[in-house]
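Let's take a walk through a protein model together. Keep the viewer open and turn the model as you read.

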Amino acid sequence: IVFFSDRSRALSAWMVPMANGRPTAEPRMVKDDVGRVWPRGFTREGALHYQLWAGFDEVYVAAIDGTTPTTPEPISLRQALSNFYPTWSPDGRFVAYTSERRADGPRELWVYDTTTHREERVPSAQKVGRPLGWSPDGRRILAAGPNDGRVLTVDRVTGETQLVAKAGPGGRPHWLPEGIVFGNQKVVVLQDAVSGRQIRRFDFSDAGITMSGLGLDGRTAMALWKNGRATLRNIASGTTREWYDPGVTRLGQHVMAPHQSAVAYTGFGKDSIGDWVSLKVASEIGDPREVLRGRGAERIVLVGWTRDGLHLLVTRWTQ
């Protein structure tokens with residue numbers, strides 16, 4: 001058996017001979033200080049392959065318009081161990097992100113100004129997790145609590161923090177023009193960002209619902225019923241649209257098209273050949289239309305629409 005252990009003060013590869021399920025000798029080191037690795041298996045010739053994580057996480061910024069895209073540049077040159085979770089402000093000027101400045105210190109919320117090329121720490125007295133979104137005016141940042149399920153808003157200048165809710169599973173929170181929307185178990189809530197008053201509530205706890213969740217942009221919530229019915233709830237207006245897709249037994253992500261009523265979603269099912277995943281588009285008229293299908297180990301994850309609403313972006317790979 002080959003295993004990885006830090007018994008030598010550094011994570012190293014070790015080997016121990018086995019017979020009848022028991023070790024026959026003491027473990028011996030094969031390779032010292034291999035780093036953060038994940039074993040991937042042996043070749044027929046006996047070579048062990050492993051994945052190695054090296055270096056630190058970084059956020060890069062680059063312009064993608066024009067005939068020649070610019071070279072990506074790190075958001076915080078030589079000042080941070082790692083930077084994570086970049087989130088653009090509505091006007092595209094600021095980037096909020098989580099930064100790890102010291103190996104023994106907490107992660108902090110920072111904001112980068114793409115106009116002045118300056119970065120500043122948000123001076124919050126409370127610990128704040130990853131940024132999730134921005135207020136429509138770009139003044140406050142919607143953020144998660146530090147692994148405690150809270151949803152917070154933080155003033156990017158003063159660091160003043162307000163609790164929105166103690167949320168649970170149900171999709172990533174969003175800050176819409178109408179308010180803050182978040183999921184909590186099988187309930188989706190639209191809440192006024194200033195007063196904290198609940199504007200609208202969507203309950204998906206009906207026993208006939210197999211699963212539900214928020215859309216990628218937070219504008220809609222979708223549910224799949226045991227009888228093959230799919231329902232789409234508009235968060236801002238509260239209106240409901242429904243259609244039947246009886247082959248789907250499980251939902252993936254969904255998102256509305258820009259400036260039109262079509263919704264794209266991924267659904268999972270099984271037939272006589274095996275498991276499949278399907279990318280579909282449902283409009284207000286007719287049955288949903290399938291635009292892409294994968295089978296077996298192939299994965300299709302919906303990313304979103306292009307701005308003109310004519311194309312869909314997906315991540316597609318075979319595991």
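Predicted model: local features only at pLDDT ≥ 70, side-chain atom pairs only at ≥ 80, totals over all residues.

Residues are numbered from 1 along each chain as its sequence is written, and side-chain values use heavy atoms, with hydrogens and water left out.

The secondary structure of the protein comes to zero helices and 31 strands. Here helices (H or I, at least four residues) and strands (E, at least two) are DSSP runs, numbered from the N terminus. The C-alpha atoms fill a box of roughly 70 × 60 × 45 Å along the principal axes. Of the 319 residues, 39% count as buried; buried means under 20% relative accessible area, exposed means over 50%, and partly exposed lies in between (1.4 Å probe, protein chains only). Among contacts (heavy atoms within 4.5 Å) with a separation of 6 or more, 28% are between residues 24 or more positions apart.

Now find strand S27 (263-270). Seven of its eight residues are buried, so S27 is largely enclosed by the rest of the structure. S27 pairs with S26 in the antiparallel sense over five bridges, where pairing requires at least two bridges found by DSSP.

S26 and S27 lead us to the largest pocket, as both are among the elements that give two or more residues to its lining. S26 gives the most, with six residues. On a 1 Å grid over the protein atoms alone, a pocket is an open set of points where a 1.4 Å probe fits, with protein on both sides within 12 Å along at least five of seven lines; lining residues have an atom within 4 Å of a point. The largest pocket holds about 1,000 Å³ of space, a volume being the space filled by probe spheres set on the points, which are joined across faces, edges and corners. Of its 40 lining residues, the closest to the centre are His 174, Gly 215, Leu 216, Asp 217 and Arg 219. The lining divides into 22 nonpolar, 14 polar and four charged residues; Ala, Val, Leu, Ile, Met, Phe, Trp, Tyr, Cys and Pro count as nonpolar, Asp, Glu, Lys and Arg as charged, and the others, Gly among them, as polar.

Lastly, look at two single residues. Ser 124 sits in the loop between strand S13 (118-121) and S14, and counts as buried because its relative accessibility is 17%. Beyond four places away in sequence, Ser 124 touches Val 154, Gly 159 and Thr 161. Gln 162, in strand S17 (residues 161-166), is partly exposed, with a relative accessible area of 32%. Its contacts, not counting residues up to four places away in sequence, are Arg 140, Val 151, Leu 152, Thr 153 and Ala 193.
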